[in-house]
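This briefing covers the overall fold and surface of one chain, then a single residue in it.

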Amino acid sequence: MNETKNVLIVGVGGQGVLLATELLSTVTMEAGYDVKKSEVHGMAQRGGVVSSHVRFGDNVFSPLIPDGEADVILAFEQAEAQRWIHYLKDNGTIAINKYKLVPPIASMKGFNYPEDPIAVVRKRTKNVTLIDAVQIAKDLGNPRLVNTILLGVLSTSLEISEDIWTRVIRERVPKGTEELNVKAFLAGRAYR
Amino acid sequence: MKKKMIFSGNEAVARGCYEHGLHIATAYPGTPSTEILENVSKYPEIYSEWSPNEKVAFEVAMGATFEGARTLVAMKHVGLNVAADAFMSMSFIGAPGGFLVVTADDPGMHSSQNEQDNRYYAKFAEYPCIEPSDSQEAKDFVGLGLDLSIEFDTPVMYRLTTRVCHGKSIVELGERTQYPITGFKPNPKKFVVLPSHGREMHPKVMARIARIKEWAETTPLNRIEKGSNGIGIITHGATYNFVKEVMPDASVLKLGMTYPLPINMIKDFAKSVDKLFVIEELEPFIENLLKIEGIECEGMKFWSNLGELTPEIVAAGLEKAGVFKSPYNPKEKESVIPRPPIFCPGCPHRGLYHSLRKNKAVVTTDIGCYTLGCLEPLGAGDTCVEMGASIGVGVGMAKARKSGKGIVATIGDSTFLHSGITGLLNAVNDKAGITVVIADNSITAMTGGQQHPGSGETLTGAQGYKVNLAKICQAVGADNIKVIDPYNLEQTRSTLKEAMESDELSVIITNRPCALYPAENRKLVQETPFAVDHDKCIGCHACFKVSCPAISESDQKTAKGLTKSQIDSALCTGCSVCAQVCPVNAIERIK
Ligand SMILES: Cc1ncc(C[n+]2csc(CCOP(=O)(O)OP(=O)(O)O)c2C)c(N)n1
């Protein structure tokens, strides 16, 4: 691989976007790539917009993905998929968690949660995977698994061996939840 | 094989402190610098502390390096304004043990009130300034910077920017090298800055920076990467990565040290290319120094000193200069509902700002989470400038109006201890009849929950003193001090009202721990959540006015077609503020 791969992960503060990119960048490093990652901390805890850029390849300079250059976007929330869709390059792939998180400001005049974010996204690309990760996580018995399920979906767009993914997940998730998280990852990976 | 990790620039600086034998590190928190000390504190080999403000952090660090300790002090860019007095005079003294001053600048103002370029401070005080481009360099430059500091007996400015601080890349780990602390060697002509000594010191400073300028010509901190297209670009820091990304075949002079500049190296570099550009963040600092030297180059003609640079902006500037066709074609953006930051569920500031609005106070506010109280629908906050300003601004307004009635200065506990006490002392002495509210949540919340002298715990988790804020206020001469619970709206409103109507100076301390930090609080403040009784709710939306993330519109409507509210019980901490504003008692604690 001599081209740099660009992955953008987006969501809302508190959803675990930063942990997901942490896992992804470790996986790419373990797979032997150079990797750079960029995000801005600060007010992320407080329900704000969170976006995190991961770029990997033989030799990566910029940690920022230019507008319109993302190969893959993973959106933890529907409106966030719409907000960041302009980052996707032509024929890029986006995976979207079906979840909606309506911000409190939607109760004020003049602010509305978007009508149908998925439809807007589909107008821009045909490569859309929709997944109800919240439901799958519930079925697996722990709502906190959303994160790993979504990484599983993302993994199908990247050519990195499953072994590396599961090894890094085992190392990084809280003790006692390793097998459950691997199961969640594989459920996401098998999702079509 | 050496162990590799993916580190943020801040984690890498902390690792550099460990590996390069640092002894002492001090700081006052401030985005994007905060994680440096948070990570240094994990190494017991290094003494680390949160000081009450940047000036004190700087002073403690000076003392340490006077003893011959390898020392670092960290702050955000505006923190250096607070420490500037010490910063300037420290240049005269030097740095016997090695001394790095980390300034974390915030181009684009991701979380700051301005975007000053602190390289000007380096030139102002004649400090050499070093700037890493990624995490590996962020670690290595700690060692190189300390070597530079010790070799020339000079303090060194270590400039980071948000993208370097919070960007992550691969770092190779090494072992710690131990160094002895050499001990204080009394020498009044060196350590006592008096006019007579200062007159001897100043020429030495100028000679020192001249020698460093020579050294700059050969240091590995600066390097040339030869290209093939005739274009020469001088760059630094995070911007270097964008330049390499956008124009890999340009010749690049990467400056790891941006002050003083290696003028001969640059002159030779200029001769080796057809066209020379300077691409830098933020101000034309390098560019202007080169133009003074008569070196032909362009920078601000094609780029700007506003905001941070990106690969797209670097490419667009080169295109504007007529030497490049930008490969990027930005796509149209969707306009989507914003998610502005608001107070967390259970935040103790909510009741205070709701009451200030109700009481129609003129609010001179300050810097912290509580600044968010100025946003609608709470909308209480008329001025905010810099840390500690609230009380002085309130006094000034009162003097101009010849009355302090109705003026309320609000200040967080960390900010009060940082630089509010002197303001209060002055308000007492001036007999300014304003109201001062200290929003005491026992922590520095805005920057992610760092301890301060009122927290009762230190950076490393040791027991702290836990200063009593009411006693401080008493000691500086305030007589009228009330400590109240901001969850109790009736009490908050009436105490404020009384104070606002009085001609005397009043101090109100709203006392409730932060709902988010420390993490144990999240359980501590958790009480049984509330729910909206849809049989009673009249859809008046009074509860929306408290601006709580747990409250939203439900799908239920009243007979008049107004939407009823609902409360997310997973988010609700049970603080009860919304229940107190409901005119029909429709919000009740879940039984
Ligand atoms: C000179 C300076 N140093 C540091 C900061 C970063 N900063 C922003 S708010 C804040 C303090 C907030 O603490 P506090 O006053 O207790 O209010 P809280 O956020 O806890 O409500 C700090 C350190 C700054 N803006 N300016």
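Of the 591 residues in chain B, 59% are buried, where buried means under 20% relative accessible area, exposed over 50% and partly exposed in between, with a 1.4 Å probe and protein chains only. This is a predicted model, in which local features need pLDDT of at least 70, side-chain atom pairs count only at pLDDT 80 or more, and totals for chains, interfaces and linings use all residues. Residues are numbered from 1 along each chain as its sequence is written, chains are lettered from A and ligands numbered from 1 in the order in which they are written, and side-chain values use heavy atoms, with hydrogens and water left out.

**Fold of chain B**
- Chain B has 22 helices and 22 strands; these are DSSP runs numbered from the N terminus, helices being H or I of at least four residues and strands E of at least two.
- The radius of gyration of chain B is 27 Å, close to the 25 Å from the globule rule for 591 residues, so chain B is as compact as a globular protein of that length. The radius is taken over C-alpha atoms, and the rule is 2.2 Å times the number of residues to the power 0.38.
- Along the principal axes, the C-alpha atoms of chain B fill a box of roughly 80 × 60 × 55 Å.

**Residue B:I567**
- B:I567 lies in strand β21 (residues 563-567) of chain B.
- With a relative accessible area of 14%, B:I567 is buried.
- Leaving out residues up to four places away in sequence, B:I567 has contacts (heavy atoms within 4.5 Å) with residues including B:F530, B:V532, B:C572 and B:I587.
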